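Colleague: Could you take a close look at one part of this structure for me, the nonpolar interior, and walk me through what surrounds it?

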Amino acid sequence: MAAMFTSESVASGHPDKICDSISDAIVDACLTVDPNARVAVETLVKGRADGSVIILAGEVSLDGDAPDYEAIARQTAADIGYNDHAIGMDATSIELCDVQLHITTQSPQISQGVDGDDPDSQGAGDQGMMFGYACTETEQDDELRGRYFPVAAALAQRITRRLDIIQRSGEIPWMRPDGKSMVTVEYEDGAPNCVRTVVVAVQHDAALKERFDDSEEAEREFVTAQVREHVVEHAIPARWLQHGYRLVVNGTGRFADPGGPYSDAGITGRKIVVDAYGGMCRHGGGAFSGKDASKVDRSAAYCARWAAKHVVAAGLAEHCEIQVAYVIGEANPISLRVDTFGTGKLSDIELEARVSEVFDFRPAAIVADLGLKRPIFLATATGGHFARHPTDDGHFSWERIHDERIDALLS
């Protein structure tokens with residue numbers, strides 16, 4: 001019997017992702033004012049019949065004038081598509097959307113251990129353990145090659161990014177911002193073979209069924225056909241679908257307006273597995289969004305992914321998981337562990353030694369190596385933090401392969 005593995009992703013209009021985007025937009029705004037800003041901001045959104053609310057809470061310390069948090073929250077939600085109360089929230093309306101601010105300065109007990117740029121003295125912004133992972137599953141496909149990522153997660157992310165593109169472009173005007181995907185991949189002899197099931201939920205215009213004489217069955221058939229053509233078979237390379245697959249769209253029958261925050265409250269940091277590897281490896285439990293890079297929940301997770309990707313890209317393993325752990329206020333990690341699940345060309349102990357030599361896991365060194373003082377984080381809030389294309393202006397720097405580090409790992 002074939003083995004199966006399933007991963008999930010969510011679109012930018014999912015309530016939790018609205019919150020991640022607002023929190024990361026605030027991080028970027030603070031770093032624009034002060035590259036050394038310390039930021040830890042959480043967002044909560046909820047829609048009601050008579051209006052909606054965005055609650056911002058957390059700690060910010062920066063040298064300069066604080067950005068307009070309320071304006072950032074409203075604009076970010078509106079850019080995602082929430083500018084109409086009828087669909088779930090109108091973030092542009094003061095009358096229909098209340099923004100509450102509960103942001104203070106960073107605790108002095110924390111800041112005294114994490115200030116400065118000296119790699120030897122700048123300690124971790126919190127205790128905890130983080131994981132990074134890479135594998136060869138995507139490397140058999142031309143459209144996915146170079147990602148070194150689990151296939152189910154990569155394909156689920158492609159679907160939700162496609163939903164985002166459609167919604168923002170207006171290509172299919174009855175589609176709304178809220179959406180989710182789930183992809184089940186079949187494995188043969190430990191290797192991904194094909195996609196067996198795709199699940200998509202996409203919010204839509206409540207009036208859509210009027211095109212079909214108010215028949216919800218006909219409406220669902222139409223939505224399913226449109227999602228199959230314009231989303232699933234556009235986003236997933238054909239080779240993964242060649243054995244046939246089951247598609248489930250809006251499993252309860254309808255996902256009509258109002259949705260988004262009206263249907264579900266959203267909170268920053270509730271989609272940490274979606275943000276990472278789709279469940280294919282372990283997770284330290286800390287969220288990424290809303291935090292500047294002094295928080296190792298974010299920066300060390302990025303560095304661990306960067307290192308694991310280099311190990312796999314170097315041909316030293318087919319799967320590589322790296323765990324790193326810190327004490328708050330201390331620069332050097334208290335542990336580093338490499339696990340190649342029996343696929344390593346060298347022992348895990350030897351690979352651990354090489355990773356420790358080639359990659360510097362002290363927080364200030366990570367920030368410097370990856371350029372994490374730039375306002376680059378809003379782009380990470382949706383579509384996944386990993387297996388994305390690095391850009392010349394610093395986005396997704398932890399995805400860039402450096403030949404000199406490959407050579408160092410191999411020597």
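Modeller: Happy to! Let's start at Ile322, which touches Met130, Phe131, Gly132, Ala304, Ala307, Ala308, Leu336, Arg337, Val338 and Val355, leaving aside residues up to four places away in sequence; contact here means heavy atoms within 4.5 Å. Please keep in mind that this is a predicted model, where local features need pLDDT of at least 70 and side-chain atom pairs count only at pLDDT 80 or more, while totals for chains, interfaces and linings use all residues. Residues are numbered from 1 along each chain as its sequence is written, and side-chain values use heavy atoms, with hydrogens and water left out.

Ile322 belongs to the largest nonpolar core, which has 78 residues; Ile54, Tyr326, Val355, Phe361, Leu372 and Trp398 are also among those with the most contacts inside it. Such a core is a set of buried Ala, Val, Leu, Ile, Met, Phe, Trp, Tyr and Cys residues joined through side-chain atoms within 4.5 Å, and buried means under 20% relative accessible area with a 1.4 Å probe, protein chains only. Helix 7 (residues 296-313) gives the most to this core, 11 residues; helices are DSSP runs of H or I, at least four residues, and strands are runs of E, at least two, numbered from the N terminus.

A second, separate core has 30 residues, including Val151, Ile159, Leu208 and Ile236. As for helix 4 (residues 151-169), 16 of its 19 residues are buried, so it is largely enclosed by the rest of the structure. Just after helix 4, Gly170 takes a positive phi of about 75 degrees.

Notes:
Buried < 20%, exposed > 50% of the residue type's maximum accessible area, 1.4 Å probe, protein only.
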